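Trainee: Thanks for sitting down with me. Please take me through this one, a question at a time.

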Amino acid sequence: MQTLKDKVALVTGSSRGIGKAIARKFAMEGSDIIVNYRKAGGSSQTQAEELCKEIEKMGCRTRMVQADIALKNSVKNLFNEIRENFGRLDYLILNAAKAPFKPIEKLFERELRQLVETNYLGNIFCIQEALPLLEKTRGAIVFISSLGSRFYNPAYPLGSMKAAMESVVRDCAESLRVKQISVNAVCGGIVKTDSFKVLRQFWDGIEALPEELFVEPDEIADAVFFLCSSAGRGINGQTIVVDRGLSNSIYRSTV
Ligand SMILES: NC(=O)c1ccc[n+]([C@@H]2O[C@H](COP(=O)([O-])OP(=O)(O)OC[C@H]3O[C@@H](n4cnc5c(N)ncnc54)[C@H](OP(=O)(O)O)[C@@H]3O)[C@@H](O)[C@H]2O)c1
């Protein structure tokens with residue numbers, strides 16, 4: 001049974017990696033999908049096109065929209081497309097992220113601005129634009145966080161933005177409760193996506209972690225779906241950790 005039939009989901013940064021797995025999962029459950037990516041004309045766009053064809057074959061409506069969430073006008077265009085083509089929004093999945101792998105004190109001003117503009121401001125722009133639509137559907141917002149929000153990771157300034165956003169999740173859950181919009185986060189462990197290829201260059205010994213501690217993109221997608229489904233209706237303002245237990249043991253911090 002498709003539990004999200006006639007619903008509409010926007011997954012930011014869904015051309016590849018975890019976002020793609022979330023878009024697939026929601027389409028499998030019957031939701032129409034807006035596939036968003038940042039870089040026009042490259043492999044990300046090609047992958048977004050392929051994903052849209054796959055989603056259409058599942059019988060769902062889909063539209064791919066190039067938009068950089070760091071730019072307010074670009075976010076406005078993204079939501080204009082949603083209003084014009086779908087007329088509603090049930091789920092806003094804040095998945096897009098981009099950040100340099102460098103110790104925070106070594107970031108150039110340009111890098112610092114990009115860090116904040118993409119990973120903090122961009123998410124807030126999306127929330128602000130989505131609110132009038134989500135209010136009508138009593139929808140849900142799910143932010144994709146990472147363990148960097150609470151633990152030190154080498155050369156991972158993105159962690160500070162994840163921590164800020166987990167705080168936004170708590171705040172918005174409370175302020176949007178009266179509108180019956182739920183706001184939660186899924187905090188993922190280590191997932192072998194494209195960004196992992198870069199992460200492993202900066203994190204000595206990460207490859208030594210047992211294979212069973214690496215999370216599959218589908219496992220994140222399942223948790224996001226759970227939060228948006230009726231089974232997750234009692235959860236609000238929470239960050240659920242999906243890391244196969246990686247963060248349970250301090251001994252692993254020596255890796
Ligand atoms: N991989 C992990 O180990 C891991 C663990 C926990 C949490 N996470 C989180 O999960 C999310 C997805 O990670 P991933 O590893 O799947 O990432 P990824 O493979 O690097 O893919 C990132 C996606 O976000 C898009 N994107 C980047 N900047 C954007 C912007 N300004 N506007 C719109 N789209 C943008 C990219 O599009 P372009 O290709 O066009 O740039 C791409 O579709 C991120 O929030 C990440 O922090 C990842």
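Trainee: At 34% relative accessibility, does Gln2 count as buried, partly exposed or exposed?
Mentor: The classes are buried for under 20% relative accessible area, exposed for over 50% and partly exposed in between, with a 1.4 Å probe and protein chains only. Gln2 has 34%, so it counts as partly exposed.

Trainee: Before I go on, what kind of model is this?
Mentor: Residues are numbered from 1 along each chain as its sequence is written, and side-chain values use heavy atoms, leaving out hydrogens and water. Local features need pLDDT of at least 70 and side-chain atom pairs pLDDT 80 or more, while totals for chains, interfaces and linings use all residues, because the model is predicted.

Trainee: Which residues does Gln2 touch, beyond those up to four places away in sequence?
Mentor: Gln2 sits in the segment before β1 (8–11); helices (H or I, at least four residues) and strands (E, at least two) are DSSP runs numbered from the N terminus. Contact means heavy atoms within 4.5 Å. On that basis, Gln2 touches Ala27, Met28, Glu29 and Gly30.

Trainee: Which side chain has a polar contact of 3.0 Å with that of Glu29?
Mentor: Glu29 is in the loop between α1 and β2 and is buried, because its relative accessible area is 13%. Its contacts beyond four places in sequence include Met1, Gln2, Lys5 and Phe225. A polar contact is a pair of N or O atoms within 3.5 Å; within protein, one must be able to donate a hydrogen and the other to accept it, and residues adjacent in sequence count only if both atoms are side-chain atoms. The 3.0 Å partner of the Glu29 side chain is that of Thr3.

Trainee: How many residues of β2 are buried?
Mentor: One side of the strand has Asp32, Ile34 and Asn36, and the other has Ile33, Val35 and Tyr37. Both faces are covered, and the count for β2 is 6 of its 6 residues.

Trainee: What is the C-alpha separation of Val65 and Gly13?
Mentor: Val65 is found in strand β3 (residues 62–66) and is buried, with a relative accessible area of 6%. Among its contacts are Ile34, Val35, Asn36 and Tyr37. Gly13 is 52 residues away along the chain, and the C-alpha distance is 10.0 Å.

Trainee: Now the ligand: which residues come nearest?
Mentor: A residue is near a molecule if one of its heavy atoms lies within 4 Å of it. There are 31 residues around the ligand, and those that come nearest are Ser15, Lys39, Ser44, Asn95 and Thr193.

Trainee: What share of the ligand's accessible area does the protein cover?
Mentor: Ligand oxygen atoms are 2.9 Å from a side-chain N or O atom of Arg16 and 2.6 Å from a polar side-chain atom of Ser44. A ligand nitrogen atom is 2.7 Å from a side-chain N or O atom of Asp68. Accessible areas come from the Shrake-Rupley method with a 1.4 Å probe. Of the 910 Å² that the ligand has on its own, the protein covers 94%.

Trainee: Which element gives the largest share of the shell around the ligand?
Mentor: Elements giving two or more residues are α1 (17–28), β2 (32–37), β5 (140–146), α5 (158–175) and α6 (194–202). The largest share is 3 residues, and it comes from β5.

Trainee: How many residues of that shell are charged?
Mentor: Ala, Val, Leu, Ile, Met, Phe, Trp, Tyr, Cys and Pro count as nonpolar, Asp, Glu, Lys and Arg as charged, and the others, Gly among them, as polar. The shell has 10 nonpolar and 14 polar residues, and the charged ones number 7.

Trainee: What is the phi of Arg244?
Mentor: Most residues other than glycine have a negative phi. Arg244 lies in the segment after β7 (239–242) and is partly exposed at 37% relative accessibility. Although Arg244 is not a glycine, its phi is positive, at about 55°.
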